[in-house]
Amino acid sequence: MDKKKIIIIGGGISGLSAGINAINNGFEPLIIEKNPRLGGLCIGWQRKGYNIDGCIHWITGTRKDTQLHKMWQDIGAFKDEEIFDLPSWGSVEYQGEIVPFYSDISKAEEAWIKISPKDKKRIHKFFKMVRIYEDVELPNEDPIPFLSYKTLFSFLWKMIKYFPTYEMGMFMSCEKYAKRFSSPALRYALTHIQPGKGNLYSMVFSYCNIASKNGGIIKGGSDKMIANIVEKYRSLGGELISGVGVKSIDIEKHKAVGVILEDGRSIKGDYVISCCDVNYTLADLLDNKYYVRKFARRYNHPDKNPAPGCVLVYFAIEDMVDIPVPYMFDIPTFILGEEKIDHLCLRKMDYDPLFVKDNKVVVQVLLDQSSAGFNFWDKLGKNPADYKEYKANLASFIEKLIVEKFPSLQDKITFLDMTTPLTYKRYVNASRGSYMGFLYTDKKMALMSKGKVPHLKNFYLCGQYVQSPGGLPLALTAGHHVICHICYHEQKRFIRFFHRFKLKFN
């Protein structure tokens, strides 16, 4: 019997996940990536002889007893010996007071109480919340309609058990929660430790992953992980086309039957999956012929539906030994684009020899931006000379701020590179330069979608932009889930690779 062909647009984590799961379930996938290299936003590169990682800060799912770990293993993302556990989620300094987010939460709790004994009860409640979140694993192994009764019951039981805590986290902003604390340093840390203005749930969930050793870093960075996954995909016989983009979706009688490439080639398939930015897919690849209400309402109102953007500035810095990392500190407020910046976040990458050269370590500086402020960058980018000059001035300004904070680093900093929201738009067609999906806020719940486009058959939306808040784990599960849906449509049972492995040897 001929295998049905699935065309997958985009060779990032979600596209590769979909491709591997497609092969494991008897389909013939073809991944088409517009860039010469696969990986999407999960990528690294070289500048001035130094290696730069443009993506991974930490990866949810590195602890062996979790479902996400099994799913990462399914696509060959990493070996357990390649994972480095972080000693801390970071430290935040405000007006000389340093608030640590140690992985050892008992140690962190003691440190917080020393900072503000008056907030002892509130501090106990915060770290109790972190411990509760450690006990609840989201059911990611299948789309919600396909979850087993056992999985659903187990998850719902824990949700009911911890309901007051979860409800508060979902519907409260970090800013509002921080006002409960009397210490200015604790208030500042709680509202700045995570990029973007998300809600309490997403902040605590991120911290608990680091604390429970379920948020490690892969040695070799983004490039190593992508190389592992691509090797797995190729070893299974997966097909690839890179270096050429998709111009449009080939549609006959409201049914996707293939794609038209930018070089004019037409490729036919039984299913088409777009693992790109959703707005780009609907507006460009489908030429605005199909309307998906839940996405239109969000993309058309960026001020009410923020997605995280950022500027990343990379330096090679000597003598960074005594500086804890990740390290965030307050600075005099300045305007970047249309948004206020009141802190710098330094991420020293000396945990991996790959990012160390000639006694200098690569340091990433993250500056928060938002999709709502993308218009500034879009306008600036229309004049390449102005854009280049602005980046050069910004890099010099950030270097000055670092030296003012750490005078011993004078003449020991080398600027390497910078990415902006325009970089994300150019490289992965992120419609408003966002590197992740829509944020949770106290006013907007998570965006969830089955990936279907009304009135268009055999076509699916996939990737991190389909579900809040995005990120590598949701890209992984999205690729997995979309093949579940196709299997259901084909009336065949979805098979996980690790189940097949067990059957083979038992």
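The crossing of helices α3 and α4 is right-handed. In this predicted model, α3 spans residues 105–115 and α4 spans residues 120–134; their axes come within 10 Å and cross at roughly 160 degrees. Angles over 145 degrees count as roughly antiparallel, and α3 and α4 are therefore roughly antiparallel to each other. On the α3 side, the contact is formed by Ile105, Ser106, Ala108, Glu109, Trp112 and Ile113, which meet Lys120, Ile123, His124, Phe126, Phe127, Val130, Arg131 and Glu134 of α4. By residue class, this contact of α3 with α4 comprises eight nonpolar, two polar and four charged residues.

The crossing in which α1 passes α10 is left-handed. From α1, the residues Ile13, Leu16, Gly19, Ile20 and Ile23 meet Met225, Ile226, Ile229, Val230, Lys232 and Tyr233 in α10. The contact of α1 with α10 divides into nine nonpolar residues, one polar and one charged.

The two pairs are set out below.

| α3 and α4 | roughly 160 degrees | within 10 Å | eight nonpolar, two polar, four charged |

Two individual residues are described next. Ser91 lies in strand β7, which covers residues 88–94. Its relative accessibility is 9%, so Ser91 counts as buried. Beyond residues up to four places away in sequence, Ser91 touches Ile98, Val99, Pro100, Pro326, Tyr327 and Met328.

Ala307 belongs to the loop between α12 (293–299) and β15 (308–318). With a relative accessible area of 5%, Ala307 is buried. Setting aside neighbours within four places in sequence, the contacts of Ala307 are Ser370, Ser371, Ser434, Met436, Gly437, Phe438 and Leu439. Lys232, one of the α10 residues that meet α1, is 75 residues from Ala307 along the chain, and the C-alpha atoms of Ala307 and Lys232 are separated by 32 Å.

As to confidence, the mean pLDDT of the protein is 90, and 95% of its residues reach 70 or more. Over residues 498–506, by contrast, pLDDT stays under 50, and the model has six contacts for this stretch beyond four places in sequence.

Terms used:
Residues are numbered from 1 along each chain as its sequence is written. This is a predicted model: local features need pLDDT of at least 70, side-chain atom pairs count only at pLDDT 80 or more; totals for chains, interfaces and linings use all residues. Side-chain values use heavy atoms; hydrogens and water are left out. A crossing is left-handed if the near helix is turned anticlockwise from the far one by less than a right angle, and right-handed if clockwise. Contact means heavy atoms within 4.5 Å. Ala, Val, Leu, Ile, Met, Phe, Trp, Tyr, Cys and Pro count as nonpolar, Asp, Glu, Lys and Arg as charged, and the others, Gly among them, as polar. pLDDT is the predictor's confidence in each residue, from 0 to 100. Buried means under 20% relative accessible area, exposed over 50%, partly exposed in between (1.4 Å probe, protein chains only). Axes are lines fitted to C-alpha atoms, for helices over the stretch in contact, and angles run from 0 to 180 degrees between N-to-C directions. Angles under 35 degrees count as roughly parallel, over 145 as roughly antiparallel, 65 to 115 as roughly perpendicular and the rest as oblique.
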